[in-house]
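Dear colleague,

Please find below the sequence and structure for your review. A summary of what was found follows directly after.

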Amino acid sequence: MTQTALRQAPATRAWPLLLVVALAGFVTTLDNTVVTVALPTIRADLGASLAALEWVATGYIMTFAGLMLAGGRLADVYGRRKVLVAGLVTFTGASLGAGLATTIQLLIAARLVQGVGAALILPATLAVLAGKDDRQRSAGVAVWMASGAGALALGPVVGGYLSQHAHWSWVFLINVPLGAAVIALALAVVPEGRRQGAARVDLPGVAASAVVLSAGTFALIHGSEYGWTSPLIVAAAMASAAGAVAFVVVERRAAEPMVDLALFAARSFTGGVVAQVLWGLGVNGVFFYTAIFLQGVLGFSPTASGAAFVPLAVLVVAVTPLVPMVERRLGAGRTVAAGLVLVAAGMAVVAFLGPGDGWGELLPAVCAIGIGSALTMPLGSAVLGAVPESRAGVAGGVFTVGREISGLFGIAAIGVIVQSAQTFASGYAAGLLVAAALVLVGAVVSLLAVR
């Protein structure tokens with residue numbers, strides 16, 4: 001083979017690899033939201049209680065977030081392709097089980113296993129992008145973010161259509177052919193990327209991180225339901241805190257730590273994770289209550305309120321491919337900071353909307369948030385580029401854990417503000433302004449730390 005052919009060979013595999021990244025990110029993100037609209041039909045068909053339905057909706061998130069760091073470490077130790085395919089097989093098999101479930105207990109169990117598969121998939125997907133040059137890595141993260149945004153927007157739409165015109169089981173069964181296709185493609189095009197030399201899985205670190213994230217996620221999801229001072233929630237919070245202390249002690253002493261705490265000495269790594277968390281705290285915390293605001297305050301119909309999220313997702317998908325060009329001109333830190341300022345400005349505009357306002361007043365704010373969110377894409381590339389390739393799986397796990405957990409913290413924190421206000425509208429407005437302030441802090445962090 002000539003030198004020219006050798007140089008061109010990696011390029012011929014670039015698009016199939018990006019397709020794997022896009023589809024894997026899409027299918028795992030879709031299952032965060034696709035089930036919510038189908039819950040009423042699931043309840044009627046399986047005779048489920050409201051508490052059981054909450055487990056259907058949140059069980060996936062709990063195991064997904066709780067095991068994501070472990071999934072990243074497994075990808076580093078055993079190879080990205082092997083762990084990615086194992087995660088896809090687990091997720092696809094669990095989706096089949098969920099679609100065929102005849103009792104609510106079986107459905108909840110399948111959702112928990114789906115989360116296990118997703119926890120293996122997502123860090124391995126990001127780790128696949130490590131070792132590429134800056135342009136390829138940026139393109140890969142851009143595709144990953146765009147596919148996630150598309151999945152978040154399409155989730156309620158797809159779930160509502162399938163549960164109304166087919167059967168709720170198809171909310172899960174659609175993952176089966178898609179998962180099979182991604183498995184075949186991953187086996188063909190994803191490089192193994194196994195770590196050189198002997199390496200072991202840090203089992204105490206895996207256990208401690210699972211306790212921290214699972215118990216913390218449970219407390220955040222169910223705190224408002226059971227009461228923040230209830231024995232169950234206090235016990236979960238204490239278990240999470242104790243697990244965090246144990247995790248730091250274990251990782252400092254481990255010969256092969258799951259998360260090398262020295263990674264946080266890299267300014268771009270820590271800055272990227274912190275900025276991502278601040279963005280997630282603000283955006284996800286507010287969006288949880290946005291549908292209520294649109295229908296209860298602005299008077300939108302359910303269909304119109306759902307459609308309000310579509311321009312945001314479309315702009316994220318459309319603008320993200322242009323972000324690497326902006327990044328080359330401004331640098332990663334300035335690009336992300338500009339995006340976060342736009343997001344904060346959009347939130348502030350929405351905070352001052354009220355009865356009588358409609359699409360004309362809302363759309364500019366939605367566009368600002370969509371474009372700004374797309375401009376945060378360099379965060380993922382900065383985090384992956386700041387660590388050794390052998391730690392890319394864990395780096396991807398830390399980054400995605402930050403995204404998932406920040407959303408839950410944001411919902412809980414903004415919820416306290418909303419519920420303590422005299423009216424929902426005033427509480428939502430105050431929550432928006434607090435969220436905008438958090439996002440602006442993220443902009444400052446990006447300017448100072450992200451390179």
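The axes of two helices are here lines fitted to C-alpha atoms over the stretch in contact, and the angle between them runs from 0 to 180 degrees between N-to-C directions. Please note that this is a predicted model.

On that basis, helix α15 (residues 310-319) and helix α18 (residues 359-375) have axes that come within 8 Å and cross at roughly 35 degrees. The crossing of α15 past α18 is right-handed. On the α15 side, Pro-311, Leu-312, Leu-315, Val-316 and Val-319 take part in the contact. Their partners in α18 include Leu-363, Val-366, Ile-369, Gly-370 and Ala-374.

Helix α4 spans residues 50-66, and its 17 residues reach 23 Å from the first C-alpha to the last, close to the 24 Å expected at 1.5 Å a residue. Of the 17 residues in α4, 13 are buried, so that the helix is mostly covered. At the start of α4, a side-chain oxygen of Ser-49 comes to within 3.2 Å of the backbone nitrogen of Ala-52.

Asp-31 belongs to helix α2 (residues 14-33). Asp-31 counts as buried because its relative accessibility is 0%, and the cut-off for buried is under 20%. The side chain of Asp-31 makes a polar contact of 2.9 Å with the side chain of Gln-114. Leaving aside residues up to four places away in sequence, Asp-31 touches Tyr-60, Phe-91, Arg-111, Gln-114, Phe-172 and Asn-175.

With kind regards

Methods. Residues numbered from 1 in each chain as written. Predicted model: local features only at pLDDT ≥ 70, side-chain atom pairs only at ≥ 80, totals over all residues. Heavy atoms only, no water. Helix = DSSP H or I, 4+ residues; strand = E, 2+ residues; numbered from the N terminus. Expected span 1.5 Å × (residues − 1). Buried < 20%, exposed > 50% of the residue type's maximum accessible area, 1.4 Å probe, protein only. Polar contact = N/O pair within 3.5 Å; in protein donor to acceptor, adjacent residues only side chain to side chain. Contact = heavy atoms within 4.5 Å. Left-handed = near helix turned anticlockwise from the far one by under 90°.
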